[in-house]
Amino acid sequence: MQTSAVHDSLHPLEINLLAAFSQSENKPVSDSSLHEISQLEPSQVSMALGWLQAKKLVRIHSEVVTTWVGLTEVGHRYLEIGSPPAWIVRTCRQGAAESRSFTVKELQSLNTFPPMELSRAIGLLKKEGAIALGAGGHIEATGKPSPTVEKLQTLLQQLQENRQELLSFSPDQQALLRQYSVKRGSAQEPFRIEERVQREYTPTKTGKAVAKRCHAGTMEEVSQLTPDMLKDGSWRSKRFRKYTITLRPPRVAPGRRHPYREFLDLVKHKLVGMGFQEMRGPLVETEFWDMDALYMPQFHPARAIHDVYFVKTPTHAETIAEPFLSQVAATHEHGGPTGSSGWGYRYDKERARRLILRSQGTAVSARTLASNPLVPGKYFSMARCFRYDQVDATHATDFFQIEGIVLGDDINFRTLLGLLTIFAKEMAQAQESKFFPAYFPFTEPSVELHVRHPKLGWMELGGAGLFRPEVTQPLGVTVPVVAWGLGLDRMAMVALGIHDIRELFSVDLEKVRTLRGRFM
């Protein structure tokens, strides 16, 4: 009964292979002989042998490892035009016959061999005395024979037809073959050395019993019952393959959007649903819109090289739109018409044109304020920003900010706190949030929004506040404006339940699949 059950569970390839063992009277058989007896492809024999060994129906009786050497495509090419050392000697001799000599660069310019191959060959020939370097770096053939050239040519000719065992060559030849064989970091070689494993297999005690049953079986095994079999009755002479319905089906992993991309789309969908309009701005920004228009003085430490990426070329924008440049300059120097005393320094209009990678999404808000926005109006931007920062679980050198402004005569600080609370609950999916007083050069009063991450604890999402008159008035806006800039990547960490910001860009597909649906 056990033999019958094992037989019924076998794959057709396994049955064919066990029948081959039975034909060989259960004596040790090599894998190549099994290929001939069973008429299966070598890959099928290898696969079926693996299954039978796992089921303990077949075992390895003996194993012999032999090392073979043969020519690569590079080797066949050397047969046609000669190896690099042979080619160099031949070329130099032909040049000498024509009263011409070659430098190393001139030989490389002929593009017959890669520069690295020529350099190695020149070093070998110099060491053996077959060539010498003359005046001006010209290569001269000395007339002395090169042992390596002769040995290489002999080996190439011996291997041009078929591969041979490495041990059939002399020790000196074996050393040369290994020196010029394909290996890691050196693929362009004339010889390839491979190990061939010759194994003999024999059936186990259970395997012999099952092999007899396989050899005795005369009924053809089929996997499907077709209409033709029913019509002509041929199904009666067939043996139907049994199926194991307890096996788990293969896992299907359909394509889908990245969870972080889905999160960004969800945030945008909710903001549009709240009546916000999207605003956009360039990734390469001027210091004027990124900092000056936000009333950040040109001597502010955040503008140093350790915080901002400067563009190498071109270094400056051609112009800054007027009257905004003059109005912002006046506000920085003495306050202008805003009623402020300003920062009290000489404003550098040349520096204002300096190009940088956008360091904060508030630059997009500044451009929107200068573009005659709707009043009342609500705007948002999902801005990619760049800062030179130490990468860790909550910091990255480039990140998304959810930037927004709301304009209107009735807008106040309480309006801002209400919006931030909605963002924490609806977008970050945070269970707890709180506010802390903060300072920013462009808002007063200012506040920071913090949320509790289930693993990392309290975490800052970003800053917000009411734009100061020094920001809004030079850009042509006279109504109150609340603004915020929150870290979308950190919001996604809470919503997706991850503990490291770098996991948002993980290449681990299994980890990416498990993030699906946590924020839906």
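## A buried glutamate and its partner

At 2% relative accessibility, glutamate 287 counts as buried (buried is under 20% relative accessible area, exposed is over 50%, and partly exposed is in between, with a 1.4 Å probe and protein chains only). This is a predicted model, where local features need pLDDT of at least 70 and side-chain atom pairs count only at pLDDT 80 or more, while totals for chains, interfaces and linings use all residues. Residues are numbered from 1 along each chain as its sequence is written, and side-chain values use heavy atoms, with hydrogens and water left out.

So who does glutamate 287 pair up with? The side chains of glutamate 287 and arginine 351 meet in a salt bridge, 3.1 Å from N to O (the rule asks for a side-chain nitrogen of Lys or Arg within 4 Å of a carboxyl oxygen of Asp or Glu). The pair ties together distant parts of the chain: glutamate 287 sits in helix α14 and arginine 351 in helix α16 (residues 349–352), 64 residues apart. Helices here are DSSP runs of H or I with at least four residues, strands are runs of E with at least two, and both are numbered from the N terminus.

Salt bridges with shared partners put Arg257, Arg261 and Asp265 into one network. Aspartate 265 bridges to arginine 257 with the closest N and O atoms 2.4 Å apart, and arginine 261 bridges to aspartate 265 at 3.1 Å between the closest N and O atoms. Arginine 261 and aspartate 265 are about one helical turn from each other because they are 4 residues apart in helix α13 (residues 259–273).

As for cover, aspartate 265 is partly exposed at 25% relative accessible area, and arginine 261 is also partly exposed, at 39%. The salt-bridge count comes to 15.

## The open sheet

Now for the strands. An open sheet is formed by 7 strands in the order β10-β13-β14-β18-β17-β16-β15, with mixed pairing. Its edge strands are β10 (277–278) and β15 (433–440), each pairing on one side only. Two strands pair if DSSP finds at least two bridges between them.

Take β14 (residues 398–407): 9 of its 10 residues are buried. It runs antiparallel to β13 (residues 377–386), with 10 bridges joining the two, and cysteine 385 stands opposite phenylalanine 399 in β14. β14 also pairs with β18 (residues 481–487), again in the antiparallel sense, over 7 bridges. Here glutamine 401 stands opposite glycine 487 in β18.

Histidine 450 lies in β16 (residues 443–453) and stands opposite glutamate 460 in β17. Histidine 450 is buried, with a relative accessible area of 14%.

What does histidine 450 touch? Its side chain makes a polar contact with the side chain of glutamate 448 at 3.2 Å (a polar contact is a pair of N or O atoms within 3.5 Å; within protein, one must be able to donate a hydrogen and the other to accept it, and residues adjacent in sequence count only if both atoms are side-chain atoms). Leaving aside neighbours within four places in sequence, histidine 450 is in contact (heavy atoms within 4.5 Å) with Glu432, Ser433, Lys434, Phe436, Trp458, Met459, Glu460 and Leu461.

Another cis bond runs from threonine 313 to proline 314, with omega near -5 degrees. Proline 314 is found in the loop between α14 (287–290) and α15 (324–334).

Tyrosine 295 lies in the loop between α14 and α15 too. It has a positive phi of about 60 degrees although it is not a glycine, and at 2% relative accessibility it counts as buried. Lysine 56 likewise has a positive phi of about 60 degrees without being a glycine. This lysine 56 belongs to the loop between α4 (42–54) and β2 (58–71), and is exposed, with a relative accessible area of 66%.
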